[in-house]
Structures are given as C-alpha cells and as structure tokens.
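Dear colleague,

I am handing over the structure we spoke about, and below it you will find a short account of what came out of it. Please read the account with the structure open beside you.

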Amino acid sequence: MPDMKDKYLQLDEVIAKNKGSRGAVMRTLQEAQQIFDHVPKDVQIKIAEGLNVPLSEVYGVATFYSMFSLEPRGKYVIGVCLGTACYVKGSKNVLERIESELGVKAGHSTKDGVFTIKDTRCLGACGLAPVMMINDDVYGRLIPDDIPAILEKYRAM
C-alpha cells in the first residue's frame with residue numbers, strides 16, 4: 001500500500017496530466033478519490049492550486065456529485081434513498097433506524113470504519129420503495145425493523 005508521500009506524488013502527476021484540459025477538475029477529483037479513497041480539504045487545495053482554479057470550484061464539484069466523499073468511507077457504504085417515492089413510503093424512518101443502530105448520522109462513518117451512511121436521491125428502484133443500497137446490494141420494501149438483521153449480515157462478513 002503506498003504511503004502518503006507516494007499518494008501526493010501520484011496526485012501531482014494527475015494534476016500535471018489534466019492541467020489546462022476541459023473537465024480537468026472533475027477528472028482530477030475522480031483520480032484523486034481513487035488514490036486517497038476520498039477528497040479531503042488538503043487534497044482539494046492541492047488540486048485547486050495545481051489546476052489554477054478557485055478552491056470554491058473544486059469544493060463545489062466535490063460536494064455536488066454524490067460519487068465524491070470528503071471523509072474516509074467505511075467498508076460498507078449504505079445509501080438510503082430519500083427521493084420522492086421512497087420518502088413517501090417511509091425511507092426517512094429507515095434512515096433514522098440505521099443512524100440509531102450505528103450511532104452515526106448520515107454523511108458520516110462509524111468509528112470502526114465498517115459503515116458509512118449516505119442519504120441519496122433516486123436509486124432507480126422506485127417500485128421497491130423504500131430502497132437502500134449497501135455497496136452493490138439493493139434492499140427494497142424496507143421497514144425500520146428490517147435494519148438490525150441486514151446490518152448484522154454485514155457485521156458478520
């Protein structure tokens with residue numbers, strides 16, 4: 001596993017490769033996330049300085065697109081849909097149960113680094129509302145009481 005110095009050297013190469021090209025901020029953020037597994041503030045600053053763009057532009061892209069994470073993500077990323085169909089069918093209650101079970105709010109990770117909770121918009125499975133995904137696994141027609149058993153399955157892995 002590369003140490004932090006190596007990761008920053010990789011980032012320098014990515015910045016140099018993308019500088020001046022169309023879509024440089026997006027591409028650089030994508031590659032930075034692959035290197036660091038998230039895009040913390042110091043990485044965003046380095047990207048902004050290296051591409052000669054305002055930090056607000058880098059931050060704006062990093063926070064607009066749900067693919068980017070500003071903090072380390074857990075082994076299992078739980079995305080709970082809060083789109084209209086899911087919300088109407090009770091996804092807020094499902095999200096609250098997950099937060100309660102794991103002891104962290106959406107947008108954060110558990111201290112042990114196993115789970116990250118994200119509130120998302122449409123996951124494209126409205127007919128199964130309310131829906132959540134854990135990494136690539138989709139769970140639908142959820143009720144809050146389903147959550148403990150689902151989480152236990154991932155804790156046991």
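For the charges, Lys and Arg count as positive and Asp and Glu as negative, while His and the chain ends are not counted. On that basis the chain has 20 positive and 20 negative charges, and their mean positions lie 4 Å apart. Please keep in mind throughout that this is a predicted model.

As for the overall build, the chain holds seven helices and four strands, which follow one another from the N terminus in the order α-α-α-α-β-α-α-β-β-β-α. The C-alpha trace spans about 50 × 30 × 20 Å along its principal axes. Of the 157 residues in the chain, 41% are buried, and the chain exposes about 9,000 Å², of which carbon and sulfur atoms supply 54%. Among the contacts with a separation of 6 or more, 59% are between residues 24 or more positions apart.

Turning to the strands, four of them form an open sheet in the order S2-S1-S3-S4, and the pairing within this sheet is mixed. Strand S2 (115-120) and strand S4 (137-139) are the edge strands, each pairing on one side only, and from one strand to the next the twist averages 20°. In general, the strands of a sheet pair through backbone hydrogen bonds, either parallel or antiparallel. Here, strand S1 (residues 76-81) pairs with S2 in the parallel sense over six bridges, and Val-80 has Asp-119 in S2 as its bridge partner.

Conventions:
Residues are numbered from 1 along each chain as its sequence is written. This is a predicted model: local features need pLDDT of at least 70, side-chain atom pairs count only at pLDDT 80 or more; totals for chains, interfaces and linings use all residues. Side-chain values use heavy atoms; hydrogens and water are left out. Helices (H or I, at least four residues) and strands (E, at least two) are DSSP runs, numbered from the N terminus. Buried means under 20% relative accessible area, exposed over 50%, partly exposed in between (1.4 Å probe, protein chains only). Contact means heavy atoms within 4.5 Å. Accessible areas come from the Shrake-Rupley method with a 1.4 Å probe; for residues, only the protein chains shown count as cover. The place of a charge is taken as NZ of Lys, CZ of Arg, CG of Asp or CD of Glu. Two strands pair if DSSP finds at least two bridges between them. Axes are lines fitted to C-alpha atoms, for helices over the stretch in contact, and angles run from 0 to 180 degrees between N-to-C directions.
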